[in-house]
Amino acid sequence: MFLRGTVLFSFLLLLFTNSCHSQAQNFNNFSRKVRKGHTNNWAVLVDTSRFWFNYRHVANVLSIYRSVKRLGIPDSQIILMIADDMACNPRNPRPATVFNNANQHINVYGDDVEVDYRGYEVTVENFVRLLTGRLPPGTPRSKQLLTDEGSNVLVYLTGHGGDGFLKFQDSEEITSQEMADALEQMWQKRRYHETFFMIDTCQAASMYERFYSPNILAVGSSLVGEDSLSHHVDPAIGVYIIDRYTYYALEFLENVTPQSNNTMANFLKVCPPSVCISTVGVRSDLFRRDPEHVHITDFFGSVRPINLLPRVTNQKIVTRKSETTVPVTTKPNKYRYVPPLVNFDTIAQ
Amino acid sequence: MCATDQSGNRKSESYINNEDEKEADYRIYSVLSYFFVLVIIGIPVWWYTTRVYRADLPIEEMYKLQSNRRINKDFGILLSLEYDILISLVHPDPAGLDIDIKGEDIDVNLQPFLKLLSPIANFVVKSQWLYLTELGYQRKNDDHYVLRERQLPHVISPLETKLWSHLSPRPTLNLVLYFPHCSKPLYIHNSKNERVESNAFLSPRWGGIYILNPDKNSCENKLFQPDLERVVSTFVTQLQSLFKMNGISKEDIRALKISKAEEIVASTRRTLNSLARLLSEINSIVISDEVGEKISIAVENVNQAENFLKSGDVDNGLKHAKISYYYSEEAFSDPSLLALLYFPQDQKYAVYIPLFLPIMLPVFMSLKLVKRWYASRKLKKQKEE
C-alpha cells in the first residue's frame, strides 16, 4: 500500500520536473560581436497600480517621464503606461494636477504629457506584447516599441511587487520568469542594444533575478524580503506623494544636463540605506561595459552620432519646376430656385 | 440475506460462494473497466487536448541556418523593404523672408536617384514646412554664427520633437533643409575650427541636415530662390552616405545590391534561427498553421536566395531574399505567438492533479485486488485440473 503510494508519487513528481522551464544560459551570445555605441534612445515607463491611495506611483512615473523628456528623448520614443487617472480622480483636491512634492511646485501632469497606454489598457498581456513587438496589425505607432539594433532602452516599473512578481491593476501579475523571457525575445530579435532596467517596488530585486539576456543593467529599490517605502505624505492632498528611491533618483537627475559627463556608476550609488531604508540592489553581471565608463545620457538622454559631409557630388537636376497637378473639377449645379407655393407678400394684409 | 438452516446454511454458503464468485468477478471487471477508461483512454486524451498546439516546423533546417557573415563595425541603415523619405524645410523667420522652393521640386529631382535604388527598396517621399523653429546651440563669431562639431549631436533631438516623422509604418529617413535668419548666417565648423564647405552633416540611421544661408541680395529683396541643384546634390550625397554607397556607377549599384541581398539573407537566417531557439525553449507558445506555413516559405526562399547569390545571379537572389525576409518577419512578429501567460505547464498539473488524483488512487489501489483475484482463479483452475 505504502509502496504503491510512493510509486505513484514519484511518477507524478517526474511529470512535474519535466515540465519546468529549462533556463538556457545563452552566454554564448556574449561572444557575438556587438557594435559600439547606440544610435537612438527609447524609454518604457510603466505604472502598474490603480486606486487613489497609489497616487505616489503615478507621481513616480510622471516625474521620471519629465526628466527623460528634459534630457532629450522625444515623445515619439517614450511609451508611457499609467494604470489609473489621478489628475481627474474625483478625490483629487487639486484637479487636473499631479504633484510629486508636498510643496507642490511642479505639476508633473502638465500640458505636454502623452500617455500611450491608459487605465485598463495597462495589462500584463499588453506589456509583454509591447516588449516583444507582437502587437495586432492595426496598432497605432505611438503604442508600438519600434526599437532596433542600436536602441538603448530604459525600462522603469513602479507599483506593488512581491517575491518574483509585479502586480498589475490589482488583479493580475507578471512573474520574473515572464519578464526575463520577454527581454530574451527582445534580444533574439535584436530589439535593443543595451537595456537599463529600473524598478521601484517592494522586493524589487526579485524581478531581475531571472534575467539571462546580455547587455542588461538592472537596479531595484529593495532587495528580496525588504519593502520599499514612500517618502512623505502631503497633508493637503491626503496621500503619500512619492517613493523614496524615485525621490532621490530624481534629485540626482535634476543635476544632469544633456551635455553632462556624469556616469551610471554614480547613479547606481544613489539612495544609500541611510536615506532609503531599503537597500538598493544592482545587477551588472549581464552588462558588458563597466558602469564607471557609461554616461547617464546613454540611457536617460538622446545623443546621436553624427558624421560631417565632406564633399558634395554634383547631381544634375531634371526639372526646375515640377508641374503640380491640382485636380480641378467643376461641380455640377445641383440646386435651382423654387418659388414658394404661397406668396406671403400678397396674403399679409 | 443469511439462511439459518444448517444445510441451508451450507447451501446458501455455496450459493453465496457462487454469488460471491460471480460478484467478485463483476467487481474485478468493473475495476478493470475503470482502469481502462481512466488510464488507457483518459490520460492520452487529456494529454492530447491540453497540449499546446504546434504546427509542423522545419526546426532542424532552421537551426542549420547559422549566420556566418562578419558584422560591419558601424551601423548601416535600418533594414527594411520600404522607406519613407521626409523632406523638412525649416524656416525660422517666415515674416522676414519669402522662400521660393517646393517639396515637390526636390521630390521630382530625387526620383532618378531613387529609381536606381528601387531594386533594394521602395521609397515614399513626403515633405513638410516647419515655421518658427530654430536650431539651438549656435555661437556668435563676429558677423556670423557657428555650430561646432561637438554640439551637432545635441542639435537633432530638439528638432526631432517637432518633426513628427513617426506617423508611418515604414522607417523614416529625414532630410532637413534649414534656412537661417537673414541677419544670422550659420556655418558649421569642424573639430579643427575650419568651416565645412558643404555646410551639411548626417546621422547614420536618422538622416541629414543641410544649412542653406540666404545671400545678401535675397535678404534685401525679401525673396530667396535656393539653388535647386545644390540642394538636390547635397541630399543625394547624404542619401548615398546613409546607404553606404561610394558612387552611383553601375558597379556601385551592383555592389549595393549584393551587400543588401547578403544583409537580408543574414537577417532572415538570424530571425529563423532565433525563432527556432525560442520555440524550443519556451514550451507554452502556440504555433498556428499560418505561422508554420510562413516559416516554411521563408526557409525555402532563403535557401533559393543563397543559391542564386552563390551563382552570381544578383537580381533573382535579391528577389528571393526579399520574399524570405518578408515572411520571416511576419512569422516572428505574429500576434498569436504569445507564451500562454496564465497557463504555464507546471500550473496545468497543479490544476489537474487535485481532479484526477482522488479518482486514480482507488483505481490503482484496487489493482491489488485484481492481482489477488487472478491468483485465486489460477489456483482454482489448478485445483480443478
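1. Chain B of this predicted model falls into two domains: domain 1 covers 59–72 + 250–338, and domain 2 covers 82–242. The centres of domain 1 of chain B and domain 2 of chain B, taken over C-alpha atoms, lie 36 Å apart.

2. Contact between the two domains involves six residues of domain 1 of chain B and seven residues of domain 2 of chain B. The area buried between these domains is about 520 Å², with 70% of it on carbon and sulfur atoms. Of the area that domain 1 of chain B buries against domain 2 of chain B, B:Ile253, B:Lys260 and B:Lys322 supply 58%, more than any other three residues.

3. Between domain 1 of chain B and domain 2 of chain B there are zero salt bridges, and one residue pair is in polar contact (both at pLDDT 80 or more). On the side of domain 1 of chain B that touches domain 2 of chain B, α7 and α9 of chain B each supply at least two residues. The largest share of that side, four residues, belongs to α7(B). By class, the side has three nonpolar, no polar and three charged residues.

4. The interface of chain B with chain A is a separate matter. Here 75 residues of chain B are in contact with 65 residues of chain A. About 6,800 Å² is buried between chain B and chain A, and carbon and sulfur atoms give 60% of that area.

5. Four salt bridges are counted between chain B and chain A. A salt bridge joins the side chains of B:Arg205 and A:Glu149, at 3.9 Å, N to O. Twelve residue pairs are in polar contact across the interface of chain B and chain A (both at pLDDT 80 or more). Elements giving two or more residues to the side of chain B that touches chain A include α3 (103–116), β8 (200–203), α7 (250–281) and α10 (345–365) of chain B. The residues of that side divide into 38 nonpolar, 19 polar and 18 charged.

6. Strand β13 (residues 307–308) of chain A pairs with β8(B) in the antiparallel sense, over two bridges; A:Leu308 has B:Phe201 as its bridge partner in β8(B).

7. The sheet is open and has six strands with mixed pairing, in the order β13(A)-β8(B)-β9(B)-β6(B)-β1(B)-β3(B). β13 of chain A and β3 (122–131) of chain B stand at the edges, each with a single partner strand, so one side of each has no neighbour in the sheet.

8. Within the sheet, β6 (residues 172–178) and β9 (residues 207–211) of chain B run parallel and are joined by five bridges. B:Leu175 is opposite B:Gly208 in β9(B).

How values were computed. Residues numbered from 1 in each chain as written. Chains lettered and ligands numbered in written order. Heavy atoms only, no water. Contact = heavy atoms within 4.5 Å. Buried area = accessible area lost by both parts, 1.4 Å probe. Polar contact = N/O pair within 3.5 Å; in protein donor to acceptor, adjacent residues only side chain to side chain. Nonpolar A, V, L, I, M, F, W, Y, C, P; charged D, E, K, R; others polar. Pairing = 2+ DSSP bridges. Domains from an automatic or database assignment.
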